[in-house]
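Trainee: Please take me through this model one question at a time, and give the cut-off behind each term when it comes up.

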Amino acid sequence: MRSLLASASKRIVATRSPFSKTYATVSSLQADKYKVVVIGAGAGGLSVASQLARHPLFENKKDILLVDPASTHYYQPLWTFVGGGIKSFDESQRPLSSLIPSQADWLKERVAKIDPTAKKVQLADGQAIGYDYLVVAPGFALDFDSIRGLKDAIQRTKIASNYDKDLVTKTAEYLKDFRGGTALFTQPGSPIKCAGAPQKIAYLAEEIFRNNGVRDKTKIGFYTGMGKIFAIDKYARALTEVAKSRGIDVNLGRELVEVKGETSEAVFRAADGKEEAVKYDFLHVTPRMKPPTWIKESNIANPDGYVNVSKETTQHVEYPEIFALGDASSMPTSKTAAAAAAQSGVTVQNIVSAIEGKPVEAAYQGYTSCPLVTGKGKLILAEFSGYTGQPLETLPYDQAEESAVAYYLTSDVIPYIYWEWMLKGKWSGPAQFRKVLNPTARGD
Ligand code: UQ1
C-alpha cells in the first residue's frame, strides 16, 4: 500500500489550483483510488465529470479523476464549418487544462486496460488507479489505415477530411482553390460520429464552387457504404431532394476501399463485392471508426467491441459500477455530441442513485441530433430517437425544412451552449426547451 501511494504521488497530473485563476501544470495525485474515475475528457466524459462535480455529494472534496492523454479539447461539430471555410480552426480548440472542473483531478495518461474485477484502471505507464465507479467515455479512433493506398495518395493528390484535426484545414484550402473537375465525398458503411457530416461538406463545397464560378466545370459525387442517405426517413427524403436540386450524384451502398495516388482514382466496393474506380481531382474522406481496442481486452465489450451497457441506464450489463456513454458505448443510436449530452444526464443521475444506494432507473431514450448544413445560412436540424426512429423536434416548425434560424442556432448558439453549459455540467440536452416550444413531441 505504501509503495502504491508513493508511486501514485510521483505521477504527473495537471490540476487546477483553487486559489488562483491560473492552472498549475504539475502536481501530485491525491490518492491511488477515486470514488469516480472518468476515462476520456471529450464531450461525454467532461460533461459527466462536471455534473458530478456540481453535486453536493462531491462538495469540498477531490473524488473525481479524469484520465485523458490529450492536451487539447476539440469541439468537433465545428469542423464542418472549418472545412467549409466559414469558421476558423482556432475557434474549435481549447486547452484541456482550462476545462477540467475544479472539483476533479486530471491524469494526463493513456489507459492500457481495465480490470473490472479488481476495479482498477491500468495505465500505459504501468501504474494502476482504483475506482468505486468508472465512466468509460474514450470516444472513437479513426481508422484511415483500412483504406488501401490512402497514406501515399494524401502526399500526392488533393485529399482532405473534416474528421481529422490536421486534414480539416486542408478541406478549406482545397475547396477554395478548386478550379473544376471531379470532387468526391465518401462515407463508410459502418457507424461513425456525426453520420451527416460526410454529406454536409458536399453541400458546402457545391456552394463554394458556384460562388467561385467553377460549378459548371465540376462533377460532384457522394459515395456512401450505407444503404440510405440518412437513417431517418423523414430527413432522408428532404436530403435526397437537396442533393438532387444541387446536382450532387448520390451513390448508395458504395464504400471507399482504396485510393490510387498515382492515377488519382478512388476505388469503391459495392455490396456484391464489385469494385469501381473513379477519377478525382478532390477527395473528401470519412474513414471507418472504432472504439479503442483495450475495451475488448478488458472484457467489458459486446461482440462489436463497444462497452456493453444497458441502452437505457448506461450501466454495464455485467459490472454495475461501470457506466459508459458516447461513441465507444454500445447504445444503438446515432453518435453525436447531442446524444452524449442526453446520455450524460442519465449517467450522472444513475451514478448518484448508486452511490446513495437507490435503484438505478433514469432512462435514456435514444435522443440524438444532427444539424445538417446544406449551405451558408441553411440547415436541416434533424432531431430524433435512434431507438424509435421517430423525430423529436425541439423547435415549433417542421425541422426537415432548410432553415436560417436552425443554421445560426448551430453556428453560433450551440457552440456557446457546449462550452459554457455542457462542458461545465449545466446541459444535458434540450428536453426542457422542447416541453415548452414543442409540447406535442415526446420521447425523452
Ligand atoms: C445539442 O444539445 C448539442 O449538444 C450540445 C449539440 O451538439 C453540438 C447539437 O448539435 C444539438 C443540435 C443539440 C440540441 C440543441 C438544441 C437547442 C436543439
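**Questions on the model**

Trainee: What pLDDT do local features need here?

Mentor: Residues are numbered from 1 along each chain as its sequence is written, and side-chain values use heavy atoms, with hydrogens and water left out. This is a predicted model, in which totals for chains, interfaces and linings use all residues and side-chain atom pairs count only at pLDDT 80 or more, whereas local features need a pLDDT of at least 70.

Trainee: Is S403 buried or exposed?

Mentor: S403 sits in the loop between β23 (378-385) and α10 (404-422), helices (H or I, at least four residues) and strands (E, at least two) being DSSP runs numbered from the N terminus. Beyond four places in sequence, S403 touches G377, K378, L379 and Y397, where contact means heavy atoms within 4.5 Å. Buried means under 20% relative accessible area, exposed over 50%, and partly exposed in between (1.4 Å probe, protein chains only). Because its relative accessibility is 8%, S403 counts as buried.

Trainee: Which element gives the most to the shell around the ligand?

Mentor: The ligand is surrounded by 13 residues, the closest being Y75, Y367, S369, P371 and W427, where a residue is near if one of its heavy atoms lies within 4 Å. An oxygen atom of the ligand is 3.0 Å from an N or O atom in the side chain of W427. At least two shell residues come from each of α9 (337-355), β22 (367-375), β23 and α10. With 3 residues, the element that gives the most is β22.

Trainee: Why is helix α2 described as largely enclosed by the rest of the structure?

Mentor: The cover over the buried residues of α2 includes β3 (33-39), β4 (64-67), β5 (72-74), β10 (128-136), α9 and α10. The buried residues include L46, V48 and L52. Helix α2 (residues 43-53) is largely enclosed because the buried part amounts to 11 of the 11 residues.

Trainee: How many residues has the largest nonpolar core?

Mentor: A nonpolar core is a set of buried Ala, Val, Leu, Ile, Met, Phe, Trp, Tyr and Cys residues joined through side-chain atoms within 4.5 Å. In the largest one, the residues with the most contacts inside it are L52, V121, L134, V136, F185 and F230, and its total is 115 residues.

Trainee: Which residues does F230 contact beyond its neighbours within four places in sequence?

Mentor: F230 is one of the residues with the most contacts inside the largest core. Its contacts beyond those neighbours are G196, Q199, Y235, A236, L239, C370, L372, A382 and F384.

Trainee: What is the phi of K119, which is not a glycine?

Mentor: Most residues other than glycine have a negative phi. K119 lies in the loop between β8 (111-115) and β9 (120-123) and is partly exposed, at a relative accessible area of 32%. Although it is not a glycine, K119 has a positive phi of about 55°.

Technical notes:
Polar contact = N/O pair within 3.5 Å; in protein donor to acceptor, adjacent residues only side chain to side chain.
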